[in-house]
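Please look at the sequence and the predicted model below, with attention to the helices, the surface patches and the charged side chains.

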Amino acid sequence: MIDYIALGLTHALIMLALLRVLVRPDLDCEDPLADEPETVPAPPPSSRDKRRARRTGKRGGDA
């Protein structure tokens, strides 16, 4: 009789702990930034960079 009570009690406690873990609201919530690396948009090119790009484009390149 005592063995059945001890066995039932331990199984009940395990089931209670499992149930409490499974019904947690943060279990189903994922952080969207954890999966993907954060991408920072490149700053717009300055007028100096635009001029340099135009100048290097007129030279014909080093192909």
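Leu19 counts as exposed, because its relative accessibility is 52% and exposed means over 50% relative accessible area, buried under 20% and partly exposed in between (1.4 Å probe, protein chains only). The place of Leu19 is in helix H1, and together with Met15, Leu18, Leu22, Val23 and Leu27 this residue makes a nonpolar surface patch of about 620 Å². Patches are made of residues with over 30% relative accessible area and no salt bridge, where like charges are joined within 9 Å and nonpolar side chains (Val, Leu, Ile, Met, Phe, Trp, Tyr) within 5 Å.

This is a predicted model, in which local features need pLDDT of at least 70 and side-chain atom pairs count only at pLDDT 80 or more, while totals for chains, interfaces and linings use all residues. Residues are numbered from 1 along each chain as its sequence is written, and side-chain values use heavy atoms, with hydrogens and water left out.

The protein chain holds 3 helices and 0 strands, helices being DSSP runs of H or I with at least four residues and strands runs of E with at least two, numbered from the N terminus. The mean pLDDT, the predictor's confidence in each residue from 0 to 100, is 81 for the protein chain, and 78% of the residues score at least 70. Where pLDDT is low, the predicted coordinates should not be read in detail.

Of the 63 residues of the protein chain, 0% count as buried. The accessible surface, from the Shrake-Rupley method with a 1.4 Å probe, comes to about 6,700 Å², of which 62% belongs to carbon and sulfur atoms.

The structure holds 1 salt bridge, a term for a side-chain nitrogen of Lys or Arg within 4 Å of a carboxyl oxygen of Asp or Glu. Asp26 forms this contact with Arg24, and the closest N and O atoms are 2.9 Å apart.

A positive surface patch is formed by Arg48, Lys50, Arg51, Arg52, Arg54 and Arg55, and Lys50 lies in helix H3 (residues 47–58).

| Residue | Relative accessibility |
|---|---|
| Arg24 | 47%, partly exposed |
| Asp26 | 46%, partly exposed |
| Lys50 | 46%, partly exposed |

Conventions:
Lys and Arg count as positive and Asp and Glu as negative; His and the chain ends are not counted. The place of a charge is taken as NZ of Lys, CZ of Arg, CG of Asp or CD of Glu.
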